[in-house]
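Trainee: Could you take me through one part of this model in detail? I would like to look closely at the place where the two chains come together.

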Amino acid sequence: MNVDVLIVGAGPAGLAAAAELRRLAAGQVLVADREQQPGGVPRHSAHTGYGTRDLHRVLTGPAYARRYAAAATAAGAEIRAGTTVTGWAGNGRATLTGPSGIETVSARAVLLATGCRERPRPARLVPGDRPTGVMTTGELQQRVYLHGERLPGRALVVGAEHVSFSAVVTLAHAGADVVALVTELPRQQSYAAFALAALARWRVPVWTSTALRRVDGRDRLTAVDVADVRTGAVRRVECDTLVFTGDWIPDHELARAAGIAIDPGTRGPAVDTSLETSARNVFAAGNLVHAAETADVAALDGVHAARHIAAALRCREPAAAPGAPDHASGPPYRVPLAVEPPLAWISPNAIRFNASAGAGPPCRAPTSPPGTDPPGAPPTSSPDAGAALSPGAVPVPPPRGRFLLRSHVFQHRATLEVHQGNRVLARQRARLIPGRPVHLDAAWLARVRPSGGLVLVALAHG
Amino acid sequence: VTAGPDPEAADVVVIGAGVVGAAIARELSRYQITVVLADAANDVGTGTTKANTAILHTGFDAVPGSLESRLLRRGSALLTDYARRAGIPVERTGALLVAWTAEQEQALPSIMERAQQNGYHAVRQIPVAELYQREPHLGPGALAALEIPDESVICPWTTPLAYATEAVRAGVRLMLGTRVTGAQAQGGRGALTGHVLSTTRGTIRARWVVNAAGLHSDRVDAMLGGDGGFTIRPRRGELIVFDKLARPLLSSILLPVPTAQSKGVLVAPTVYGNVLLGPTAQDIDDRGDTSTTANGLASLTEAGRRIMPLLLEEEVTATYAGLRAATEHRDYQIRVDAARRYACAAGIRSTGLSASLGIAEHLAELMGDAGLELRPRNGSAAPPLMPYIGQAGTRPYQDAGMIAADPDYGRIVCHCERVTCGEIRDALASTVPPADLDGLRRRTRVQNGRCQGFYCAATVAALMAERAAGGPAAATGQQVTAGRPA
């Protein structure tokens, strides 16, 4: 099967991109999702609060998921649920597996929107037994909201960020008695109002500066050991359910299988401001490139990527065979972007320059699909290696005109400083909370010198 | 206590359905005798068998002249052939034994010498440059290496299941959830005619008892009036399983050089496509304590960082601990007492998987010599064809023919391990079906992947509940009895 765009993942980013691509008349769009229903994580997030930034209304997760799936379908995209993209067959061809068989799909462009997952207990190296009753929020939500399970007994939540409070709500819904939220950090990371509401309603304390040290229970979970990270004092907490929340990792398997460069900070595919990866015509959007933001942010990413994909396809030379590599043009022109500790990461990871300004994304050279770029290609290309830059080159703004950052530390009044070499491009006030988004307005992009090298975001000293 | 033949008694009861007990039951099932295979757990292979380094050893480094050396060599050859016929995942990756210190380097000639004495002649020393060429991600500082080309990795879960499946299909009665609580001899001293075992599921009468109780074999030995020549001292080994994305980092099993100070930690591929780091070795008292420890995991990550720094950059998929049934003896404790009609296969510390078929063959021979009549059954025994859960071959989701014949093989339920609805259905309806989620995991790999259930746990739980409530699996699960043999 040949399509113009293959989208992997029917979550908010993938579905929003599909609808936008169809609106822009970008041709045939196929969205594959391995779950039985499209919608992504919102399918099993029964709480409200979805849709504020993108749809300008407040919906529950399932309603939001249904709305996006319906919009993509109405726009003419084909959504194939229960279908897994199992790998690449070279030259922009993907292998799809589903109940109807194994199919190879050739696409002129690919959008990876595979999302992210929470780091489960083993990946956090928590010692102890391996009893049942230990899960992530994702599993908890599916058990409770998709399969109607009850979870009576005492529950402990590891983490104190937004999703942790969401887990408290889900646990309460399932009949659990939530003992506490535990975090190694000195304070919780959710919005005060949200946290206070949850704490007041369910009387759940947050145990800060507290680490989980051991899980007990030969069969069912019976108890955990928690330690005060300041004093080292350990105490035992009896519980029947333990939920590991947050600590997101992108589902980057397909990106890595294609040899696409991974950003060491986000651990998702490295993308430039157009959301293109190191492989030509392969884009990535949503929580795959910034794990994890709210669904609306992912959806707006999808729209952003769709516009750049549409432009790339529009400008393609008609003579080129679908999926054929094109060696005539070099890689796109990019200026790398990075952060200094204690900042954790920035997304996107490079500033894209396009050859000319104008209404909408400009035309550019045809590019090659996954499987044709050498594995481990650098995420950003040096100016020397890049396409010749025309004098009118303009930087492509990131989705929503801002960069997303994360911090490893709390800092109430921080100043972010954007440098290129010795030049300070911008300063911006920010409040740093681990796991919470920090937005960096991209107004300074016009001051980036295309040949000026790495742009670095750091905390201003003093 | 009665004398004379007991028509209701089985000829042999094997206590312990680990890889060794299952292999013995399978071996005995080839003869015209009635056999019961009993285990306290609700599945086969839940003790030492399920948590080890999953290596099919050549036995190059066994103690020369030991029973272990002989049975390991024989068992390894038998299992290599059996695995091919039964569809048990095996990959002949070869091993590289890497010396990191001068002391370790000096030990290499004696290791080569030992391999020769064990009848294994393919070990050779390779230049350091070749080592790094073959394993470019190996950490810096390796001084020398030996290549053992026939060391392989194997699926430790499919192996005992294949044995048990073959045994059950040949008429062996598998009694799970059956803990032996006592034993009484039938017949007088010197004229013993059999045993009556008290279990948590009624009594089992048998003319012969085989003790393959692994971590509990000394207690079973005492129950049956054995000579008490050994005591089990569980040795805990903790292991870390890395994400499948780490698999391209190495091509061979990377073995440590054992020294007086430490046995060392290995890094090995698994047949599922993960990378294993471990084990630790800690003597403990509790025979059920398979918990991991902060110290154990920390020592593994430290060792792993030296052996292969990039490995530690990958995500950890699982951590676990296994208990090896070590004794005060270095060699296997295998003996047959004709007068007491009692056979014992114990003290099989960490080579039981590789040696299992050799042990079973040897023990059956000893029992035959001791008076158990072993007349072969009519018809040739053939291994069952087991569901394939390795990464090197073709899994159902990759098989267009299977999906076309049955779309359930195209319905991927567990995304990380790409386990299909069809495979789960088959496992639940198999000859030796799983009793719980862990059993299903061992049979299909469902939920053994990187997300550990983030995506599919709820769906899998629902599938299992559905089948338990009267689906096809419940109807065919009766081949395994949990009760008193007729």
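**Where chain B meets chain A**

Mentor: Happy to! Between chain B and chain A there are six salt bridges. Keep in mind that this is a predicted model. One of the salt bridges joins the side chains of R267(A) and E315(B), at 2.8 Å from N to O. On chain B, the elements that give two or more residues to the side touching chain A are helix 7 (294-307), strand 18 (316-326), helix 9 (400-405) and helix 12 (457-468). By type, the residues on this side of chain B divide into 19 nonpolar, 14 polar and 11 charged. Polar contacts belong to the picture too: 15 residue pairs make them between chain B and chain A, with both residues at pLDDT 80 or more.

Now step back to the whole interface. Here 44 residues of chain B are in contact with 41 residues of chain A. The area buried between the two chains is about 3,600 Å², and carbon and sulfur atoms give 51% of it. E315(B), F454(B) and Y455(B) supply 21% of the area that chain B buries against chain A, more than any other three residues.

Let's follow Y455(B) across to chain A. Is D251(A) buried or exposed? Its relative accessible area is 9%, so D251(A) is buried.

Technical notes: Residues numbered from 1 in each chain as written. Chains lettered and ligands numbered in written order. Predicted model: local features only at pLDDT ≥ 70, side-chain atom pairs only at ≥ 80, totals over all residues. Heavy atoms only, no water. Buried < 20%, exposed > 50% of the residue type's maximum accessible area, 1.4 Å probe, protein only. Contact = heavy atoms within 4.5 Å. Buried area = accessible area lost by both parts, 1.4 Å probe. Salt bridge = Lys/Arg side-chain N within 4 Å of Asp/Glu carboxyl O. Polar contact = N/O pair within 3.5 Å; in protein donor to acceptor, adjacent residues only side chain to side chain. Helix = DSSP H or I, 4+ residues; strand = E, 2+ residues; numbered from the N terminus. Nonpolar A, V, L, I, M, F, W, Y, C, P; charged D, E, K, R; others polar.
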